[in-house]
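Reader: I am new to this structure. Could you take me through the surroundings of the ligand?

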Amino acid sequence: MTGKQDILLSKKRIDDRVKELAKEISLHYKDKNLVVVGILNGAFIFLSDLVRSMSVEHRIDFIRVSSYGKNTSSSGIIQLTKDVELEVKGQDVLLVEDIVDTGNTLSWLQTHFADKEVASLKICSFINKKERRVADVEVDYYGFDVDKGFLVGYGLDYNEQYRYLPHVSELNLD
Ligand code: PRP
């Protein structure tokens, strides 16, 4: 990684928090028909750690939407490039995100899943970042609250780079 970087969230902190979240989620979805839906690409690392610590039965699917392109701020225009393939009507869907920033992506997805007549819809995001929030979305579960900064690692990218980092760093774009 070029440029200055500070580790904001260490691997240990992330591991501990993901386990706590998995416990909380498992309690809530006991005796429900849970489908965990990962929002590609960013959520793939968080989701894979989260589900392996969960103790409740569930199915997994993925959806892909894009709003950022190569920019560091959301265009606000959401494009669906891959829909879920499981039948989710009547199911309890948990959307898993790497980061909620403006909230535009999740706001769009809430409507998308409401149209599919799911029994319930909750949101779990690794990072909940409120600095640029414009859409009124409630994040039901989140790993960490972060005020500002452009974050990379643990699934989060800059131009598709740095997703593989086991920790989260703030990218200095200067
Ligand atoms: C990122 C991130 C979220 C979304 C959050 O996705 O993964 O899906 O932006 O931003 P918002 O709250 O401002 O809508 P991106 O389009 O960059 O794709 P990626 O998951 O492949 O990185």
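Author: A polar contact is a pair of N or O atoms within 3.5 Å; within protein, one must be able to donate a hydrogen and the other to accept it, and residues adjacent in sequence count only if both atoms are side-chain atoms. This is a predicted model, in which local features need pLDDT of at least 70, side-chain atom pairs count only at pLDDT 80 or more, and totals for chains, interfaces and linings use all residues. Residues are numbered from 1 along each chain as its sequence is written, and side-chain values use heavy atoms, with hydrogens and water left out.

Reader: How far is an oxygen atom of the ligand from an N or O atom in the side chain of Thr105?

Author: That distance is 2.5 Å. A polar backbone atom of Gly103 lies 2.8 Å from an oxygen atom of the ligand.

Reader: And how much of the ligand does the protein bury?

Author: The protein buries 95% of the 490 Å² that the ligand exposes when taken alone (Shrake-Rupley method, 1.4 Å probe; for residues, only the protein chains shown count as cover).

Reader: Which element gives the largest share of the shell around the ligand?

Author: Strand E5 does, with 4 residues (strands are DSSP runs of E, at least two residues, numbered from the N terminus; the shell takes residues with a heavy atom within 4 Å of the ligand).

Reader: Is E5 buried or exposed?

Author: E5 is largely enclosed by the rest of the structure, because 8 of its 9 residues are buried (under 20% relative accessible area, 1.4 Å probe, protein chains only).

Reader: In what sense do E5 and E6 pair?

Author: They pair in the parallel sense over 8 bridges (pairing needs at least two DSSP bridges).

Notes. Buried < 20%, exposed > 50% of the residue type's maximum accessible area, 1.4 Å probe, protein only.
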